[in-house]
Amino acid sequence: MRRLPVRFLRSAAAAARRAPAASHGGFPATPALHPVASAAAPSSSSADLSRWPQRRGYSQFASGFTPLKPKPLESIIDVERAKGLSPEHLVAAWDDYHLGRGHIGASMKTKLYHLLEQRSSTCRHFVIPLWKGSGYTTMFMQVQIPYMIFTGLEDYKARGTQASPYYTVTHYTEFAETKDTVLIRGDVVFTSKLTDSEAKTLLETAHSFYLNDVRYKLMERFNKETHEFEFKDVLQVLDMPTM
């Protein structure tokens, strides 16, 4: 994969920094494959991608596919039945449900989710290198909790408003208080761009930059001190070659 020059990454950081926050509900999640999906009513907070405001230097991610809407948790699992499960059994059932389905299932403790929520409120964007073959590709992340969207940085820079998300993630908080568990679902929009394994790694890496204090400093630099940001520092903390 072609490695990107620092000036290229800095321009993306600057564009993200200039951009205003997306409107509430502006980060949608991909509809899941589930028997009741067609019958499920859309969430009242859902907003399709076509409603994202146009902005300078900021991708609208709004073409090339049907607008995506947040998918209610009850259309994925039987919420009433899940209420009777222990946290451990709930997580196990969630993980098992997503095995082999082309989707990513994960979970986190409520305390960590609140930290993610707090930090992402001021640091909504980042660039994450992802191993592919003998090199890496760089992904551009946009976050508005409970949603995350990832696309290729080169697509973001080259296509602007024509760029489409490769991967979307939704965090479900229905059991945050009662079971100290936040369920997480990732949907790969373009399987030609990301494998399930790569998507899982990307999600884990994204979370780590919010939840690890050392890594979060790099994210703060990208969002708040653009001119001080060096992509090689990201490569170093991920033990990836800088040459």
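This is a predicted model: local features need pLDDT of at least 70, side-chain atom pairs count only at pLDDT 80 or more; totals for chains, interfaces and linings use all residues.
Let's begin with the overall layout. The protein chain contains eight helices and six strands, and read from the N terminus these elements follow the order α-α-α-β-α-β-β-β-α-β-β-α-α-α. Of the 243 residues, 51% are buried. Among contacts with a separation of 6 or more, 66% join residues 24 or more positions apart. The chain exposes about 11600 Å², and carbon and sulfur atoms supply 52% of that area.

Now for the rings. The pairing rule gives a count of nine aromatic pairs. In one of them, the rings of phenylalanine 126 and phenylalanine 209 have centres 4.8 Å apart and planes at 50°, so this pair is tilted. The two partners come from distant parts of the chain: phenylalanine 126 belongs to strand S2 (residues 125-132), while phenylalanine 209 sits in helix H6 (residues 196-211), 83 residues apart. Phenylalanine 126 and phenylalanine 209 are both buried.

Another pair, phenylalanine 222 with phenylalanine 229, is edge-to-face, with 5.0 Å from centre to centre and 80° between the planes. Phenylalanine 222 and phenylalanine 229 are buried too. Step back, and you can see a cluster: ring pairs link Phe126, Phe209, Phe222 and Phe229.

Rings can also have charged neighbours. The charged end of arginine 101 sits over the ring of tyrosine 97, 4.1 Å from its centre. Likewise, arginine 119 lies over the face of tyrosine 216, at 4.4 Å from the ring centre.

Methods
Residues are numbered from 1 along each chain as its sequence is written. Side-chain values use heavy atoms; hydrogens and water are left out. Rings of Phe, Tyr and Trp (its six-membered ring) pair if their centres lie within 6.5 Å; planes under 30 degrees apart count as stacked, over 60 as edge-to-face and the rest as tilted. Helices (H or I, at least four residues) and strands (E, at least two) are DSSP runs, numbered from the N terminus. Buried means under 20% relative accessible area, exposed over 50%, partly exposed in between (1.4 Å probe, protein chains only). A charge sits over a ring if NZ of Lys or CZ of Arg is within 6 Å of the ring centre and within 35 degrees of the ring normal. Contact means heavy atoms within 4.5 Å. Accessible areas come from the Shrake-Rupley method with a 1.4 Å probe; for residues, only the protein chains shown count as cover.
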